[in-house]
Amino acid sequence: MIATNVGGVADLIKDKETGLLINPASAEEIYKALVVLLEDEQLRKRLGQNAKIFVRNNYSIDRMVDGYRRVYEEVIGLARYHVDVFAC
């Protein structure tokens with residue numbers, strides 16, 4: 001995975017752990033990152049395996065369902081106390 005280091009991308013891609021982060025709009029960095037991945041099979045495999053583990057641990061269906069469940073439980077709990085959860 002090659003991604004530009006903008007916005008929240010760095011929260012998903014850890015440079016040299018789950019992918020390669022490059023500066024935006026840098027054709028030279030894109031080229032260099034592509035060459036590195038093309039030439040280093042072990043790196044490709046390691047980045048892919050690490051990314052798979054990261055996604056499985058942080059974005060599984062079970063984890064997402066738990067997150068939604070906690071939000072609903074919190075909203076229901078606040079509603080019991082007549083708290084307007086939409087008042088901001």
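Predicted model: local features only at pLDDT ≥ 70, side-chain atom pairs only at ≥ 80, totals over all residues.
Colleague: Let's start with helix α3. How many residues does it have, and what span does it reach from first C-alpha to last?

Modeller: Helix α3 runs over residues 41-58, which is 18 residues. From its first C-alpha to its last it reaches 26 Å, close to the 26 Å expected at 1.5 Å a residue.

Colleague: And which residues of α3 are buried?

Modeller: Leu-43, Leu-47 and Phe-54 are the buried ones. They sit on the same side of α3, because they cover an arc of only 30 degrees around the axis.

Colleague: What covers the buried residues of α3?

Modeller: The cover includes α1 (9-12), β2 (20-22) and α2 (27-39).

Colleague: Before we leave α3, what does Asp-40 do at the start of the helix?

Modeller: A side-chain oxygen of Asp-40 comes to within 3.3 Å of the backbone nitrogen of Gln-42 there.

Colleague: On to the core. Which residues make up the largest nonpolar core?

Modeller: There are six: Leu-20, Ile-22, Ala-33, Leu-37, Leu-43 and Leu-47. At least two residues of this core come from each of β2, α2 and α3.

Colleague: Take Ala-33 as a case. Is it buried or exposed?

Modeller: Buried means under 20% relative accessible area, and Ala-33 is buried with 6%. Ala-33 lies in helix α2. Setting aside neighbours within four places in sequence, Ala-33 is in contact with Ile-2, Leu-20 and Ile-22. Ala-33 and Ile-22 are eleven residues apart along the chain, with their C-alpha atoms separated by 7.9 Å.

Colleague: And what is Leu-20 in contact with, leaving aside neighbours within four places in sequence?

Modeller: Among its contacts are Met-1, Ile-13, Ala-33, Val-36, Leu-37 and Leu-47.

Colleague: I'd like to look at a loop now. Where is the place of Thr-18?

Modeller: Thr-18 is in the loop between α1 and β2. Thr-18 is buried, with a relative accessible area of 7%. Its side chain reaches the backbone nitrogen of Lys-14 at 2.7 Å. Leaving aside neighbours within four places in sequence, the contacts of Thr-18 include Leu-47, Asn-50, Ala-51 and Phe-54.

Colleague: What about Lys-16, what is its phi?

Modeller: Phi of Lys-16 is near 65 degrees, a positive value in a residue other than glycine. Lys-16 also lies in the loop between α1 and β2, and it is exposed, with a relative accessible area of 52%.

Colleague: And Ala-25, where is it and what is its phi?

Modeller: Ala-25 is in the loop between β2 and α2. Ala-25 isn't a glycine, yet it has a positive phi of about 60 degrees. Ala-25 is exposed, at 87% relative accessible area.

Colleague: Last topic, charges. How many salt bridges does the count come to?

Modeller: Five. In one of them, the side chains of Lys-16 and Asp-15 meet at 3.1 Å, N to O. Lys-16 is exposed, while Asp-15 counts as partly exposed at 32%.

Colleague: How far apart in helix α2 are Lys-32 and Glu-28?

Modeller: Lys-32 and Glu-28 are four residues apart in α2, so they are separated by about one helical turn. Their side chains meet in a salt bridge of 3.0 Å, N to O. Lys-32 is partly exposed, with a relative accessible area of 48%, and Glu-28 is exposed, with 52%.

Colleague: And what about Arg-69 and Asp-66 in helix α4?

Modeller: Those two are three residues apart in α4 (residues 61-80), so about one helical turn separates them. Salt bridges that share partners join Asp-66, Arg-69 and Glu-73 into one network. The bridge between Arg-69 and Asp-66 is 3.7 Å, N to O. Arg-69 is partly exposed at 38% relative accessibility, and Asp-66 is partly exposed at 33%.

Technical notes: Residues numbered from 1 in each chain as written. Heavy atoms only, no water. Expected span 1.5 Å × (residues − 1). Buried < 20%, exposed > 50% of the residue type's maximum accessible area, 1.4 Å probe, protein only. Arc of directions from axis to C-beta. Contact = heavy atoms within 4.5 Å. Polar contact = N/O pair within 3.5 Å; in protein donor to acceptor, adjacent residues only side chain to side chain. Salt bridge = Lys/Arg side-chain N within 4 Å of Asp/Glu carboxyl O. Core = buried A, V, L, I, M, F, W, Y, C linked by side-chain atoms within 4.5 Å.
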